[in-house]
Amino acid sequence: MVPGSGEGGSDVIEFADVHVRLGNRDVLCGITAALAERRVGVVGANGSGKSTLARLVNGLALPTSGTVTVLGLDTRRHAAKIRRGVGFLFTDPDAQIVMPTVAEDVAFSLRRRGLPREEVERRVREVLTRYGLDGHADHPAHHLSGGQKQLLALCSVMVLEPDILVMDEPTTLLDLRHSRQVADLLRELPQQVLVVSHDLPLLAGFDRVLVLDQGKVIADGTPREAIGHYRKTMA
Ligand SMILES: Nc1ncnc2c1ncn2[C@@H]1O[C@H](COP(=O)(O)OP(=O)(O)O)[C@@H](O)[C@H]1O
Ligand SMILES: [Mg+2]
């Protein structure tokens, strides 16, 4: 399988011989890949290192050795800048909903960036409308359904206009209708997205898929090739 060739420049996520050791466990063992495609998927067995790989992209995790370069910057040295450029969505949206109402939650991160009040309100309205939550602006966030909470978490990340979006199993808690909605949104996002998922139909529409096994990339190519390989290893 031919790994996608990086275009060079700054819109690439690059792993260079990345090892991550946590406790006495080698969680990632020599990952090398330049990811320049718009939609990149990561699949693999439980415990294969997928979440750790995702967390490396915004500096939530750092390599024990090797280098991760994102937006042209070494994550070890430019964590703050990288976090501004890389939006991260966790599996469980409750983990990132911090304010009582929907609109306040989306506004929270913008306020922290010191934007003027009118600008914050305008951007909040805009993003809630884009993702179909405008009717819920003043509702308590914890009254939303699981799918709507996932959309809210997405709004709170997208309102910051990240260059790259990383999602760790974004459809795991969603029913079929809401996972389709997330799949549709991903198709339209102009940003580069890296998505960890067991949702094989979701990944089938991607540009490139990596398969992880015990901390190593064991397949890397088109979704067809990579998912085929994954199915065989899981059989
Ligand atoms: N902080 C940690 N300390 C020790 N081991 C960890 C830590 N975080 C994750 N691990 C281990 O690393 C392995 C990979 O974890 P993870 O990246 O979450 O895998 P996945 O997302 O593919 O399930 C797992 O075996 C997990 O138990
Ligand atoms: Mg995980």
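The questions and answers below concern a predicted model.

Me: In which order do the 4 strands of the open sheet lie, and which are the edge strands?
Reply: The pairing in this open sheet is antiparallel, and the strands follow the order 2-1-4-5. Each edge strand pairs on one side only, and the two that do so are strand 2 (25-35) and strand 5 (73-74).

Me: Which helix packs on the sheet, and what angle does its direction make with that of strand 2?
Reply: The helix in question touches strand 1, strand 2 and strand 4, and it is helix 1 (residues 50-57). Its direction and that of strand 2 make an angle of about 55°.

Me: Which residue stands opposite Phe15 in strand 4?
Reply: Strand 1 (residues 13-22) pairs with strand 4 (residues 65-70) in the antiparallel sense, over 5 bridges. Within strand 4, the residue that stands opposite Phe15 is Val68.

Me: Is Leu212 buried or exposed?
Reply: Leu212 lies in strand 9 (residues 208-213), and its contacts beyond four places in sequence include Val42, Leu53 and Val217. Since a residue counts as buried when 20 or more other C-beta atoms lie within 10 Å of its own, and Leu212 has 24 such atoms within 10 Å, Leu212 is therefore buried.

Conventions:
Residues numbered from 1 in each chain as written. Chains lettered and ligands numbered in written order. Predicted model: local features only at pLDDT ≥ 70, side-chain atom pairs only at ≥ 80, totals over all residues. Pairing = 2+ DSSP bridges. Contact = placed C-beta atoms within 7 Å. Axes fitted to C-alpha atoms, helices over the stretch in contact; angles between N-to-C directions. Buried ≥ 20, exposed ≤ 12 C-beta atoms within 10 Å, placed from the backbone.
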